[in-house]
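Here is a short report on one protein structure.

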Amino acid sequence: MLLIPVIDLMRGQVVRAVRGDRQSYRPIVSKLCAGSDPIEMARALCRHCASSRLYVADLDALTGGVAQAAVVRDLLQALPALELWLDAGFADAAAAHALRERIGAPAARVMPVLASESLRSLSALREAFAVPRSGASSGVLSLDRRDGQRLDPAGCWDNPELWPGRVIVMTLERVGADAGPDLDTLREVHARAPAAQLVGAGGIRHADDLVRARDAGAHAWLVASALHDGRLAAAGGAS
């Protein structure tokens, strides 16, 4: 099981995500490093997980503000081997491309996350993943839900034939909630797209949860709180 560490960015700081209630997030307090500086936190998380991949949620953009292009650029420049998965509320592939243009040359290492809660239409989903650029993946799809309800104005959940090779299964009310992973939804998605690499998100409490998630079909899991709280051992998240 691969661990992909997560940072949630708000106004240039790393904050702690709890149940997807973005308006109430506060600066992170972590056992991995002091303060809430994005670069120092990214280094600490990637070192702890032995990961060259980092998931970044740009909460400014996700709540209707301006995307933090400069912060993302600084992260990429400070960690030159990093692959950065970026969720910035993209309505379509054109929005992701525009933000990568703002970031500049380091954006070659940005993997856009196109989320079902943000995609504007089914045609946007179809166009986003229809023709990978330069033979590489054009992004990752996130299937989002909260409290048993799909966050999906475009109808992404019901069209697995349009899904890319990597799909995130995001259960927002379990993020930062110490509630355990949503394995029923993961199994449902796995049954609908058995060839996809599934990345779970939300609810991991300890190493046993990772074993259960792997057995349910997860290829990787997005993790933050269990790392900051010291509940997952250093470099022991991958097996």
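## Nonpolar cores

The largest nonpolar core has 64 residues. Ile-7, Leu-86, Ile-103 and Trp-221 have the most contacts inside it. A nonpolar core is a set of buried Ala, Val, Leu, Ile, Met, Phe, Trp, Tyr and Cys residues joined through side-chain atoms within 4.5 Å. Helix α1 (residues 38-49) gives the most to this core, with six residues. Apart from it lies another core, of 23 residues, including Tyr-25, Val-113, Met-170 and Ala-224.

This is a predicted model: local features need pLDDT of at least 70, side-chain atom pairs count only at pLDDT 80 or more, and totals for chains, interfaces and linings use all residues. Residues are numbered from 1 along each chain as its sequence is written, and side-chain values use heavy atoms, leaving out hydrogens and water.

## Helices α1 and α3

The axes of α1 and helix α3 (residues 69-78) come within 10 Å and cross at roughly 45°. That makes α1 oblique to α3 (angles under 35 degrees count as roughly parallel, over 145 as roughly antiparallel, 65 to 115 as roughly perpendicular and the rest as oblique).

Which residues of α1 meet α3? They are Pro-38, Ile-39, Ala-42 and Arg-43, and they meet Val-71, Asp-74, Leu-75 and Ala-78. Contact means heavy atoms within 4.5 Å.

## Ala-98

Ala-98 is found in helix α4 (residues 93-103). Its relative accessibility is 41%, so Ala-98 counts as partly exposed (buried is under 20% relative accessible area, exposed over 50%, partly exposed in between, with a 1.4 Å probe and protein chains only).

Key:
Helices (H or I, at least four residues) and strands (E, at least two) are DSSP runs, numbered from the N terminus. Axes are lines fitted to C-alpha atoms, for helices over the stretch in contact, and angles run from 0 to 180 degrees between N-to-C directions.
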